[in-house]
Amino acid sequence: MSEWLVEVFQPFLALALAPGLVGFIRWVKARLQSRSGPPPWQPYRELRKLFRKEAVVSGNASWLFRFAPYVLFASTLAIAFLVPLLVVPRHFDMVGDLFVVVYLLLLGTFWLALAGLDVGSAFGGMGSSRAVTVAALSEPTIATAIFSLALGAGSTNLGAIVMATMSEPSTVLTPGHLLAFAALAIVTIAEAGRLPVDNPATHLELTMIHEAMILEYSGRYLALLQCGSWLKLFVFFSLLANLFFPWGVATTLTLGALAWAVVTLLLKLVLLAVALAVLETRVAKLRLFRVPELLSTSFLLALLAITSSFLLR
Amino acid sequence: MTPPGVLVAGAVVCYLAGALAAFLSNDRWGRALGALGAGSGALVSLGLGIAALTTGSVFTAVLGVLPLTGLALRIDGLSAFFLIVVALVGVASAVFGYGYSASYQGRYSLRRLGALFNLLLLTLTLQVMADNVLTFLLLWEAMSLVAYLLVLTEHDELATIRAANWYIAITHVGFAALLAMFFLLSAGDPAAAFDSLRANAPALAHRNMIFLLALFGFSAKAGLIPLHIWLPMAHPVAPSHVSALMSGVVIKMGVYGFCRVVLDLLGGGPAWWGGLVLALGVASAVFGVLYALMEHDLKRLLAYHSVENIGIIFIGIGAGLMFQSYGLMTLAVLGFVAGLYHTINHACFKGLLFLGAGSVLHATRTRNMEEMGGLIKRMPRTALAFLIGAASISALPPLNGFASEWLVFQTLLGGSQIPQPSVALIMPIAVALLALTGGLAMACFVKAFGITFLAIPRSRAAEEAHESPASMQVGMGILALACVGLGLIPFFVVPVLGRALAGLGRLPSGAATLTVSFPLSIPGTFGSMSSPLLAAGLLLLLGLVPLALWLIGANRRIRIGDTWGCGRIGQTPRMQYTATAFAEPLRRVFAELYRPTQDLSIDFHPESKYFVQSIEYQTEIHPWFEKLLYQPLIRLFRQIADRVRWIQAGWLGLYLTYMLVGLVALLALAWWAP
Amino acid sequence: MIVFALLLLPPLLAAVLAALVRPYRPFVGWVTALLSLAPLGAAVALWARALQGDVLTAGPGEFLRADGLSVLLALCVSFVAGLAAWLGPGLAAEDGYHDPERRSYRVYSNLFAFTMLLAVTTHNVGVMWVAIEATTITSAMLVPLHVTKASVEASWKYILIGSVGIALAFVGTVLGYFDFVNLAGEQASALNWTVLVASAPSLHAEVLKLAFVFILIGYGTKAGLAPMHTWLPDAHSESPSPLSAMMSGVLLGVAIYAIVRWKTVVDAAVGPAFTDRLLIALSLVSLVISAFSLIAQRNYKRMLAYSSIEHTGLTCLGLALGPLGVFAAMLHMVNHAVAKSMMFLLAGRVQQRYQTTGIAQVAGLARVMPVTAGFFAAGMFAIVGLPPFGLFISEFALVRAGFAAGRGWLMGLVLLLLVVAFVALVRHLNRMLYGAPPDATPIGEREPWALVPLGLCLLILLALGLLLPSPVSQLLDQVVEITTQ
Amino acid sequence: MNSVFSQMAVLGSSLTLIFGLILLWRRSVHAYVTAFLWQSLVLAGVVATVAYFHRDPELYFVAALLLLLKGLVIPRLLRRMEQRYGAERELQPYVNTATSLLISGLLVLFAYALARPLVALSQLPTRAGIPLALGLIFVSLFVIASRKKALTQVIGFLMLENGIALLAVLGTYGIPLVVEIGVFLDLLLGFIVMQIFIYRIRETFESSDVDQLGRLRH
């Protein structure tokens, strides 16, 4: 019974930590650019502010505009249920595997893109068109990366993958594993709308992708959307961390193991956040029509991952 | 008469009665009775299909009606499954057709439409039961003829006639291939009943030739690359409920025929068979979706998507064939089950989308997306139905598209168990291209739904659109429910399909070949997924979030304001994104493939070149199958025809010389020949 | 004896009556039409007797003999002759013809019917040749009914090519007789078909081969086999449509009947290989020429003529594919006779309304004459071999026979040619049916009673396509038995 | 006894062939009609000799009929038609005289090669004439194909009939009477119809050369 409790608790832990993670990334970036920058818990204040504000909805919009934030937030929260954060032998594997996670993300993008179109402004359309292009082009990479992971672990269920990688630590150094990690890292940046692909901080209409779609939102809808995208980033990071470097994830339900799992999770997330912050300060935004080249290199990496794992098998 | 026999007779009688009633009167009553006949016939065959599939009983009947070898009918698992597919889409489009064809009252002959619609359903229902070569081929050609006549309903436009010509031409080429294939298969046995073909199939001489002819013939009907060019021409010009039936069911007869011949009669073959089918499937999927992206005629877009989804079905079947050749029987059955599951799913959501497009066409009199917009406020129920269709075709989780695409992915992942690494490498490439297709399909349907239904109407017709009559909504409702329902019960559908395929050809005939526990996890495959739990979870969360917001006292007031436009006053429809603009990034990414022709004409203000009076941007994409394959073929035949025409040159002396030369030649032949 | 009288005399009587009534009056048309029903009745009686298995003979030294094959042809000839009589000029008051033309139509069409009936029922191969030569003469007189430059040219080409061809057939007959005389000396009944077949095994292979070549070229000319087909498109596009219905429907059949008679004799002596190779060669050439000529066709009557060449090629191909093939070929001939005569009569109605034979000028037929357009479309679907009409079944049986005879690649090529013809014909049909009719074409059907017999033809085609009633298949089995001794 | 008979038969058939060849190099229609007239007479003579040697009364009747029909009736009709339209010159045929003679020579050689099995099989004394008859058939076919005047084509056709009659007489001593009468009837009717058509061509085309008949194409 207690396993279920832990697994139900995990997504809410993720929900709580997600804004902090993004705040921490912004704080590290500010520090790197020798600015003092807002404190890491600034996003929590943003959310509180937005929840208190009234929502302004465009006259052109239909019920879909108001319903999309709920769908996006619910789908991202559902992903949080499926991703292995703390405990490994998971009962939720039964509900969905890595493909389900990917397609739940796609569900979120689908509804957000439609919401972007619903207001009838040029920016919404532009944002949706670009977001959908990036999502479509990153699909093959994700699928190939899953294929190589499944080859290694013998199953696409997330818990099983983590267990398999934990049981044979040697697989981590195999080229297949590392190439798959690199491919999935690039896709994470593209999907989460981080710098080389899309600049989360900008409001320059012609360059933004994710921001353009949520341009029209305000009040509690904007809060839900922001929280959804932060949770998405958190989930991606935890996937990268646990699937490829799963040490520290608790396999037994003792309190000590759980505490140690939380600590290791936080450590891994901080490491990844710093890495992302360094990357974002080092690199400038790519032109939209260079993004496919980036995604095709990631696809190539994933394909190499598979061929190497095939040959070594 | 055994109960199935009664049901078969019942369905046939309903269809014929419907056809007769529709033919006799050209007014409301004709439409009503025609739709009633079709609907009831479809319901009866639905019951028949479900009964036959669940009980697994095989019904056979031989009637001396047809000449030469007589009419032989047999319902086994495969036929029962396709009966359900026919009936499901049949009921929905019959009900939809009643409302939709009202607008044809003055313009086209309703008699012909109603009667032919019933006949099409009749030929489809009997086609899946055919049990000897003559019955199969006669019904096959009758189906093509009736579909061709239905495509020609709106015969006053030139495009319709051109499309109908292409349709009947390619279908007939396919039929010629099937004729040759069946006679090679029956190897001189004039009776040519299917069970005798099954018996001596292993000892056949030209198995590869038979396979290639079967693939050619059935892909001409199914619309696989490169025999697909009739599909985006014929389906848009047909009346919408007919194109729903054609796209949903008629092209599935290609899938049924292929399974019947290659799986059942031939019993599978060497690995390259599966490889070729897989390659064609992947090519059709990718090209189908790529060309669909560039379309802004709503029904052409849906037609190209039919090509894509047929590709996905054949990916499943191709993978199954490959596994069968390597002896991985569980994976083989899984592959075929995935293919068939996607068949019924595609029938449901494509039928739904075509009915939705028909409802939009009924309201706005146009198929061009650039002239639509804002229909979600004017046609809420059609919009909802179209949204469900769009979501399920883009394989979004709780719906049926995801369930079958997930199964196809799992099958392809199973490819890693193929002993030869060189062959096993094909699978990841197939997985990648299938994923790309899924992503592009999602992009295409965001465009289709977004531009058609959302934001501000772009034309007067869209502005004055109104919700379509009740019968059309009921038609769409049936299929929408089917999409949602089929998405929730994969754990029930997969074992039933496994039983339907049991015993076909060399497949293991064990009853429960696919042991499936509650969540859809199949031994020997990689993942597990449970749609019902997923759907329940999503609904729960959707309910939880507003509750949480209420709990934390979030501000619930909403103020209606203007869309943000960087400070300009007022918003005109021209400021919105258009379908062409929406697909522009992807056209630029795949420019090598599309080779778009673009021309930009700017006429400047007379006084200074810095001010512009009007800019016109024109882009055109010619699918290069027609350019590279079909145009040269036609030119070749035209040249031969011109030369042959000169034989009849008009000079009497020349004609007599032909006779003299012919006589002397034959005499010489007779004289020297042994 | 009376059956033969009932079969042969009425057309003669009709011809004489028409010739005698100097200023033509409509009652002559009605009388001749009624008289044309007598041969049909007689043919059906012969059919009934044939089904019981007995072969009727009449006249001195079995001059007339009606076995299964003759009965089949007699049925076709009398049916199509009846159609032409009921739908030909001379019945209605104003059918676009003048009195002399009506009178000569009545005279010569009945003579034409008589000669064809004589050809198929005579036992003597020489008399058969004489009758077929007479068909050329009688039908040639009718080709230029409307005297125009084109019809005169067509008639001259028809009479000349036809006569030269038939003369070659006579050379073949003489060589056959020469071979028999050198075996068993001169006998009066030497040219009787049964005698020839009985003595065939002992005849000399060399001479019979030469004889068959002459026969094939000769009767092939009348059957429209390539390369002797050149008269067919001209004659059919210029002659009045009831005549071209008779010619295209059954004259080709009668010529094929003659080829089948001689093929049985030669096969008994030399074995089927030789004749099959010749038949396949010529029928392939016919298929190629007709299929590709249909693509760029501009005149719908010539289109129907080329389609006849194609179906003659198919029938001859069927003859060369063994017993199954002969069954298919004969069924195909019957189907084609009914379908093509119906199509030509419909083409006549269309030409009467649009006053042109150009495909491009005839547009909007579905709106101008809905019922005729419906029949025309159904007829076209029948000709291209779509179900539920009879030609689908016969083409199916033909291809089945081809594969059973082990000629897979040949059948592949034939199927390809059939598809080429299919696409061409369907495109032409669509150009005629739809679109806006040229202005000032009167809308609505005229003389609707004329559509009743055509509707009957359609019903027959449906019956042959869906049911193939047992009497028909039994008769065809008898024919197969006769021709493949 | 037989040698005289066979020599006369061979002489008769070679004369017939020679008259056939006249068509090739003469140009005027008048010459063609006389050639045909003489050919028919020689043919009647051959039939009469066969009747005499074979003592077969039927053949006498056939010879008489042949003489009447092809000797008198048809040539007179041809003369009348010829006078009506003045002495027409045969236009330049498709093939000039030298090549037509060459071709007809080849055709006669081909006829000889072809008739080898026939001559070997036949026991009748007149068998030596069979290749000549076949030769005449091929030559007259070539004449019909290569000439441009309608009248010349008719004469070519009549010569073709003569060749066949000669073959019948030499090979089988005449085909059964019923068929023989039928053949003559057909020939007469055929000729009359052709004449009607030639008159009609004259009316509509003002000249009877076949070159103008090129309107019906494809």
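## Where chain A meets chain B

In this predicted model, 73 residues of chain A are in contact with 68 residues of chain B. The elements of chain A that each give two or more residues to this side are α2 (42–52), β1 (55–58), α3 (63–82), α4 (98–118), α5 (122–153), α9 (219–244) and α11 (291–312). The largest share comes from α5(A), which provides 19 residues of the side of chain A that touches chain B. Sorted by class, that side of chain A holds 45 nonpolar, 18 polar and 10 charged residues.

One of the elements named above, β1(A), also pairs with a strand of the other chain: β1(A) and strand β5 of chain B, residues 558–561, run in the parallel sense and are joined over 4 bridges. Within this pairing, Ala55(A) has Ile558(B) of β5(B) as its bridge partner.

## A helix of chain A

Helix α9(A), which is among the elements that give two or more residues to the side touching chain B, is mostly covered, since 25 of its 26 residues are buried. Its length can be checked against expectation: at 1.5 Å a residue, the 26 residues of α9(A) should span 38 Å, and because the C-alpha atoms at its ends are 38 Å apart, the two values agree.

## Where chain D meets chain B

Chain B is also touched by chain D, with 15 residues of chain D in contact with 13 residues of chain B. On the chain D side, α4 (97–121) and α5 (130–146) each supply at least two residues, and α5(D) gives the most, with 5 residues. By class, the side of chain D that touches chain B is made up of 10 nonpolar, 3 polar and 2 charged residues.

## A strand pair within chain B

Strand β6 of chain B, residues 597–604, is hardly covered, for the count of buried residues among its 8 residues is 0. This strand, β6(B), is joined by 8 bridges to strand β7 of chain B, residues 612–620, and the two run antiparallel. As one of the residue pairs in this arrangement, Gln598(B) has Thr619(B) in β7(B) as its bridge partner.

## Cis peptide bonds in two loops

In chain B, the peptide bond from Ile225(B) to Pro226(B) is cis, with omega near -15°, and Pro226(B) lies in the loop between α8 (207–222) and α9 (231–237) of that chain. In chain C, a cis peptide bond joins Pro387(C) and Pro388(C), where omega is about -10°; Pro388(C) is placed in the loop between α15 (370–383) and α16 (390–404) of chain C.

Ala395(B), a residue other than glycine, has a positive phi near 55°, and Ala395(B) is found in the loop between α16 (380–393) and α17 (400–414) of chain B. This residue counts as buried because Ala395(B) has 31 C-beta neighbours inside 10 Å, where 20 or more are required.

Glu447(C) likewise is not a glycine and has a positive phi, of about 50°, and its place is in the loop between α17 (408–433) and α18 (451–466) of chain C. Glu447(C), however, counts as exposed, because 12 C-beta neighbours lie inside 10 Å of this residue and the limit for an exposed residue is 12 or fewer.

Methods
Residues numbered from 1 in each chain as written. Chains lettered and ligands numbered in written order. Predicted model: local features only at pLDDT ≥ 70, side-chain atom pairs only at ≥ 80, totals over all residues. Pairing = 2+ DSSP bridges. Contact = placed C-beta atoms within 7 Å. Nonpolar A, V, L, I, M, F, W, Y, C, P; charged D, E, K, R; others polar. Expected span 1.5 Å × (residues − 1).
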